[in-house]
Structures are given as structure tokens and as C-alpha cells.
Amino acid sequence: MTISRRTFLAGSGAAVLVLGLSPSGAVASAKTDAALNPFVKITSEGKVIAVVKHFEMGQGPTTGLSTLIAEELGVGMDQIDYEFAPSNPEVYNNLLFGPFQGTGGSTAIANSFNQYRQAGAAAREMLIQAAADAWGVDAGGLKIVEGQVTGAGQTASIAEFVVAAAELEAPSEPRLTTPSEWRLIGNPDIRRLDSKTKTNGQAMFGMDLHLPEQMVTVIARSPQKGGKVASFDDSGSAQVKGFIRAATLPNLAGVAVYAEDTWAAFQAREALQVEWDMSDAETRSSDEIKAEIMAALDFAPTYNATGNEQSEVAAAIDGAQSVVEETFYFPLLAHAPMEPLNCTIEPDADGGVTLHDGAQMPTGPHMALAQILELPMDKVRVKTMLAGGSFGRRATPDADYQVEAALAFAITDRTRPVKLVWSREDDLRSGYYRPAFGHKVRVGVTDGKIVGWEHQVAGQSIMKGTPFEAFAVRDGIDHSSIEGTNDTPYQIPQLFVGLTDTKKATSTLWWRSVGHTHTAYVMEVMMDMAAKAAGADPVEFRLGYLTGSEDADRKAAVLQLAAEKANWGNAPAGRYHGVAVHKSFGSYVAEVAEISGNPEDGIVIENITCAVDCGIPINPDVIKAQMEGGIGYGIGHVMRDQITLAGGAVEQFNFPDYEPLRISDIRGIDVHIVMSEAAPTGVGEPSTPPSAPALANAIAAASGVMVASLPMSEEGVLFA
Amino acid sequence: MAISLKLNGRETTVSAEPGTPLLWVIRDELKLTGTKFGCGVASCGACTVHVDGVPSRSCQTYIEDVEGAEVTTIEAMEDIKVGAAVQQAWVELDVVQCGYCQSGQIMSAVGLLAENPKPSVDDVHDYMNGNACRCATYQRIRAAIERASEILEA
Ligand code: FES
Ligand code: FES
């Protein structure tokens, strides 16, 4: 996709002067701050404010987008701060999502790279022009260095020229810096802008908001999805000090309990008695859901994703010297971000409302609130706050928790802010899940080479029935169910991929790396099994299928780099290596897992060596952190986590039943970044897909046990 | 019910009902929101504070049990030598991602280094295993504890 140089200018209009709020929120009364365009504000003290259109769940866009502006503007990272953009899909849309403001698919940097550089460059040229006008010199001889306009024998802070610059016409084609000029982009010493406030308790997450007069609201929800409130008795709740009232939500999905503070709300909900109408509720168990998925794999798939004949591929495999086959199962998974879901709706003086939310996709809740509260769009404001993780959970197509808050607010007299709070139990039991999936694969190998790969996938579509259907579903195929298989950079002869959708089981949702969470596992475990059948080294074997295109070359390069850094083939005594490599969201990641022990006595994950090619690395240290985090997220879940249903109700309650990765689970991670001049791509998700299969392949190398059904703990694999 | 405690060095009286977790008194009544709610059942460590110098899960500490105690939260860590060293190391190494667990991580790390200034990797694992980080910043937490130990030694 090409991003038009004019894209941001289309939305920017003329430069405007705004009465400024200082970053601390205090009104800078006598002074004015200037917005030079929608993405760059400068305070009267000369502090640059990057207006960040993506939310921050830890993945680093506040630092990344600020880096792009600071680079072009000619200021240091200590001279820039950030604020979150308001909800406005015409100006702050994700350029890869169309007219929709949101974060997802590891696109924050990819879609913003040119836009934010242009914004910074335009601001630079306006400031320089204003200085040239003031000094009566030619703008051509001036530049900005560390926040100072210099040239023609003069030097002055950009603060001097902010007001004048804001009155100039924005240049339509500002000159962008070239890579040889970059001070900040690619600089491994650049630190995160949010580190300090996140280490001294000052950072404000949605959960931390206390508005005057606010009511804390928790919802009693049906234990089975789809249950409806028949009646409730709040006489017990009324005994709780701080309880205000309880009321059935208009959609009957739950009872809202209002209280003066969080603990009172939790206690009042505990004391509430609710009768549920379960006639439309989910009643199945996860075993039944699994049985349906596994049965679907025994029939011809509904959809053919590769366009060739399955029977021809099957025949090629049947004629091979050896055939490896395996059936895989992936359970439901919860996202479980560290900050339980929450948001606050505040009534505004003009009859509108402000939603305070760690909003991953502001456009969705913006529209939902306008509809539910019968307000025009411009009377609904979204104030994005820091999010304590998400992994996809804060972006539901139906804006689930913001809708709950809106319904809970709608049935009050709308004079007091309503702060909706979820508990950890709510998060695990009433949530949205990575759908369960099954795969069945047969690979034929003759003379050391793959001669056919037959791959069937079955599971519940995430995208169908959502507003994202048009975007992700083609010819009936939800690409997010199979991504990473039919579009693999591996040059596999005779590859067939088929898909069958299974019935809607529970609410499902994208989960860090979406379809790649299961497809990479299957592709990479099968690659190892095929290599074994071929009598070949797993790295060499893979490289044999990674030639002939830039895509394949980039994947080969990360594989070689990870193998080299991990000293592949020379594991220390008592240790075993497993490898996996996968492309997702435009980025290539290879990982080598080094383990010791065995499945009966306990596996120790000694180290993960990771190599990544994500195009031009903007903030190398943030990239490393995302690789580390994505590896932990992937491995933590395959070790021991799953969501199970009994009679339609989730069986897990809280972290003890959904045990997070702990510090001792992975003893070391080292990350290596491929230097690249390709357009930057995402880093939030791509290290997750290869992490679990690298571990699985290492366990197989250590013990001969290939784990094909997850989590590993359910298959008898112990971890020390 | 009025309960007195010493919060971050200051005599403080709160009016919570008996049975109220210290966490909610700190967050909702005293509006010190650096201490986080993650699970409510003592299994994530996000709510860790120091009670008489010992890291404690405030979600499972009842307010009546800290009558007269010294309670210290993340907001006061920069005033303590070990706390300041740990915070410095955390910033140097950019440990944080979403940041939501990090107050608790730091409170535990300070507790560890206060009693064991040169912990081994196993010591770190044992002490810090109760602090979950869903962003999996563990690699850097390990490194930052080592760095803080160096800072304190210098
Ligand atoms: S909130 Fe106290 S340990 Fe999780
Ligand atoms: S930094 Fe996000 S949970 Fe630890």
C-alpha cells in the first residue's frame, strides 16, 4: 500500500491557533500553544507535543510516533512529549483501516511512518519560515538543531516562532530527512517516553480515574453466554454500605450494580440474587466444541483456499516414499490483560458525554455511544487513556464493554459519571476468546523433498458477522482462520489448504497475532516432522523452500541469523534446540528455543534466541522489548493455559486457574534485529507465532514427544 | 470505622468498613492509584505495598489488620534509597511495557534487595514469581534487579 504524501494534509486544513492546555492539564492561561497541524503542537515554552492517534498498551507507539516527529522537526527526545488524539476518524484514522481510527494488526508504525514524518517536516518548514520572516533572511539558510533555529548568524528557540508559524500555510510537500541524516530513527539508545511515570505510580490508566461524583458500576452477567435477566433481588446488596442501586440493563444481558466505590460495588454484586432465563444461552461444553471441530476435519473442507484440486495433492502424497501426518487442537484462550477492563462515561455541560477509555478503536465506541445515548457524533468525545495491556481484547467489533457502560449510564439520570469496572473473574469468564481450532495435515516426502502438503483447518470464524467481514472475508473464506498457511513464503510444491467453519460457540476475538497463533504452530511443527522424514537438518531443510522471492529471502535471512546466534547444531550437553520461523503482519521472525530436561521430570526453557526483520527499525530497543514480550505471551499460554466450558459456562475463575507466565518460566531471551531498508512493519505481534512451535520442536528433539494438542500441560508435559 | 496508620510516613486516618481490603482504601479513599488491582486474590502481585517494610498483597490485607502499621506505596519509593535505585534501573533498561504491573514489580524488587542486596538468579526467581507481568517484561526485570544491585553497591 502506498501512503499518499498528501494524506495528512487533506485532513489538516489551515494551521490553527488553539488555547493550549499544558501537558500536565493545567490551562496555560496567558499563553497560547500552537497546533501546526493535527499531529504536531508546540507549547509556548517550545516543548513539542506529538498528537498520537494510536493507543498505548505497552507496544510503544507513543515513543515511536514521537520519534518520527522529533526526527523531522530537529528536536531531541527530551524536547518532545505526547498526548492522545481525540476520536476523529477523518483526521486520525488508521490509513490501513480506511475511515476508522484504531490500533491493530501491528500497523501503528507501518501506517504512520510517512504521515508522522511529513507532519514533523511540515512543522519544521513552517517554523523556519517564521524565523526567516522575523529575521528578514532567506529560509534556505536556516535549520533546526536540538530545538534551536540557527543560521544567518542567529540562533533562537523554536518557541519564539510558534505563534507566527501557526499562521502560515502548511507546505504541501515538505522535504523529508534522508536515512543518512537520522539521529533518532534506528537509534538503540532512545528511551521510552513513558518509563518514568510507569515506574513511580504517576501513570494514569483508565482504572485510575476518579471523577468527582462518579459511581462505580459492576455488572452481574449470565454465567452462560446469551443468558438473559429474568428477575433480581437486591435486598442483600442494600445492606452494603455505599450501595446505590441495581438495575437491569436494557438489553437484559446483566444487572448493573452502582455504588460509591469499587469495593462496595463488588460486595453489592456478591450479595445480589439474579434469576436467569437461559433459553437462548450457550449450553455446550468445550469437549463438545472440540468434538465438532475434530469431526469436521474428517470431511472435505467447505472452502478451498489454494484453488488447486485436493485429490491431486492427496494423490501426490499417497505416492510419496514417506508420509507424515498429524492432527492438532488449539483450545479457547483468554487475553487477560493485566488491567481488568474498565471505562468511564462522564456527562458534559453541553448535554454530551466524554468516554474515558484505553480505547483501542475509538471509532467503534464513539459510534456506539452516539447511538445508545441518542447524541450527535460531535457530542460524544473519547479521551484515550493508557491501557494496561490488551492483546486485542480492548478492540471488539461490537465495542462490548463500552456498550455496557453506555447502557448502564443511559438508565441513570445522567448527572453522575459512571465508571464501569470489570474484575479478573469477569475478564476470564465473560470475555471474548481466541477461538478453538483444529488442523489436520499430511505431508509427502520423496528423496528428501516435499512432494505434497495437504492441510485442512476447522474452527470458528472471527470476522464473519462483524463489520470487519467485508475487510477480511473473500469468497467465504475468513482469511484470519488460515493466514500463515496458503500465503506462506515457503515455496511448497502441491500445497492444498482447505477450511471449514464450525458453529459459533462463544464470543471469539482476535488474540495477539490472530490466526497465526495456531497456523504457525502447525506449519513449523510439520516442517520439523518433514525434515525428520527427509533425514535433513531442520534449518537446512527449511532454507531449501526459501528461495526465489524477496519474501522468501527475508524469511531465510532471519532463520539464518537466529541459527547463527543460537549456535544451532551445537547445543551444550544436556540441552536441545528447536527452531521455528514465521512471517506475520509483514515482519519475519525466527526463534531458536534451547531447553533442558524432559517432559516427565520437567522441561526448563533455558533461552530463546530471536531474529527479526521488521523493515526499517524505528526504535530498536522497543522492537526488542516487543519480541521479548510476544515470546513470553506465546509460550506462557501453550505451556498451561486454556479456557474450558462446562454446560456453556467458563470453568476458570481467576489467575490461579489461568496461570500467567512467571519470571522463572523462561530463563533468557536474546533478540537480534536485521538491518533493513524496507518500509517498517509491525512488531507487536510477530514474535508470538514462532515461539510455541520452537518450544514444541525443542521438546521433540529432547524427548521424541511431539505435542500436537494444547496446552502442553494437558498432554503430560511438565515444566520445571 | 476510623483506623489510623502511617501511610508513606504520614499519620493517616481512614474510615473504611472492617473487611475492606487495604488496596481499595489506598486506591478509592486515599486516591493513591499507583497501587494496582489485577486479580484481587493474591495471585498477580499488582497490588503489592510494604507493610512495616515487608512486601504484602494489599488486595488480601484487611484494613483492620494494618491499624498502627507503616504502609508504604510506590508513590514513596523515590524517597527510599533502595526504591530510588530500583526505579533508576527500571528507567535505564526501559523495563515497562503497558506498565500496569510495574508498581507491584518494583515494590517486590525493593523488598528483595532490602533483605538480599546481591541476589542470585534463583533468588530473584523465587522472590519475584508472585508478580505476574502479562506483557512478559521478565527478561528486563531480571536485568534491572541486577543493575539496581550494582547501583546500590556503588
Ligand atoms: S490484585 Fe492483589 S495480588 Fe493481584
Ligand atoms: S508491563 Fe504490562 S503487565 Fe507488566
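Is the crossing of helix 16 of chain A and helix 17 of chain A left-handed or right-handed? That crossing is right-handed, and you can look for it in the structure above. Keep in mind that this is a predicted model. Chain A contains 17 helices and 30 strands, while chain B has five helices and five strands. Let's walk through the two chains and then see where they touch.

**Chain A as a whole**

- Chain A has a radius of gyration of 27 Å, close to the 27 Å that the globule rule gives for 720 residues, so chain A is as compact as a globular protein of that length.
- If you draw a box along the principal axes, the C-alpha atoms of chain A fill roughly 80 × 70 × 45 Å.

**A helix pair in chain A**

- Helix 16 covers residues 620-640 of chain A and helix 17 covers residues 688-703 of chain A.
- These two helices pack at an angle of about 50°, and their axes are 7 Å apart.
- Angles from 65 to 115 degrees would count as roughly perpendicular and angles under 35 degrees as roughly parallel; helix 16 and helix 17 of chain A are therefore oblique to each other.
- From helix 16 of chain A, the contact is made by A:Gly630, A:Ile631, A:Tyr633, A:Gly634, A:Ile635 and A:Val638.
- From helix 17 of chain A, the partners are A:Thr688, A:Pro689, A:Ser691, A:Ala692 and A:Leu695.
- Sorted by class, the residues of this contact are seven nonpolar, four polar and no charged.

- Strand 6 and strand 7 of chain A pair over three bridges, and A:Lys143 stands opposite A:Thr150 of strand 7.
- The hairpin of strand 6 and strand 7 of chain A has two residues between the strands, and A:Glu146 in this hairpin takes a positive phi near 50°.
- Strand 7 (residues 148-151) of chain A is joined to strand 8 of chain A by four bridges.
- Two pairs to find here are A:Val149 opposite A:Ala156 and A:Gly151 with its bridge partner A:Gln154.
- Strand 7 and strand 8 of chain A also form a hairpin with two residues between them, where A:Ala152 in the turn has a positive phi of about 50°.

**Chain B as a whole**

- The C-alpha trace of chain B spans about 45 × 30 × 25 Å along its principal axes.

**The sheet of chain B**

- Five strands of chain B form an open sheet in the order 2-1-5-3-4, and the pairing is mixed.
- At the edges are strand 2 (10-14) and strand 4 (54-57) of chain B, each with a single partner strand, so one side of each is left without a neighbour in the sheet.
- On average, neighbouring strands of this sheet are turned by 40° against each other, direction ignored.
- Strand 3 (residues 48-51) and strand 5 (residues 70-72) of chain B pair in the antiparallel sense over two bridges, and B:Val51 stands opposite B:Val71 of strand 5.
- Helix 3 of chain B packs on the sheet and touches strand 3 and strand 4 of chain B; the direction of helix 3 makes about 35° with that of strand 3 of chain B.

**Where the chains touch**

- The contact takes 47 residues from chain A and 45 residues from chain B.
- Helix 1 (22-29), helix 2 (81-92), helix 3 (102-115), helix 4 (121-128) and helix 5 (138-153) of chain B each supply at least two residues of the side that touches chain A.
- Helix 5 of chain B gives the largest share of that side, four residues.
- By class, the side of chain B that touches chain A holds 21 nonpolar, 16 polar and eight charged residues.

Notes. Residues are numbered from 1 along each chain as its sequence is written. Chains are lettered from A and ligands numbered from 1 in the order in which they are written. This is a predicted model: local features need pLDDT of at least 70, side-chain atom pairs count only at pLDDT 80 or more; totals for chains, interfaces and linings use all residues. Two residues are in contact if their C-beta atoms, placed from the backbone, lie within 7 Å. Ala, Val, Leu, Ile, Met, Phe, Trp, Tyr, Cys and Pro count as nonpolar, Asp, Glu, Lys and Arg as charged, and the others, Gly among them, as polar. Two strands pair if DSSP finds at least two bridges between them. Axes are lines fitted to C-alpha atoms, for helices over the stretch in contact, and angles run from 0 to 180 degrees between N-to-C directions. Angles under 35 degrees count as roughly parallel, over 145 as roughly antiparallel, 65 to 115 as roughly perpendicular and the rest as oblique. A crossing is left-handed if the near helix is turned anticlockwise from the far one by less than a right angle, and right-handed if clockwise. The radius of gyration is taken over C-alpha atoms; the globule rule is 2.2 Å times the number of residues to the power 0.38.
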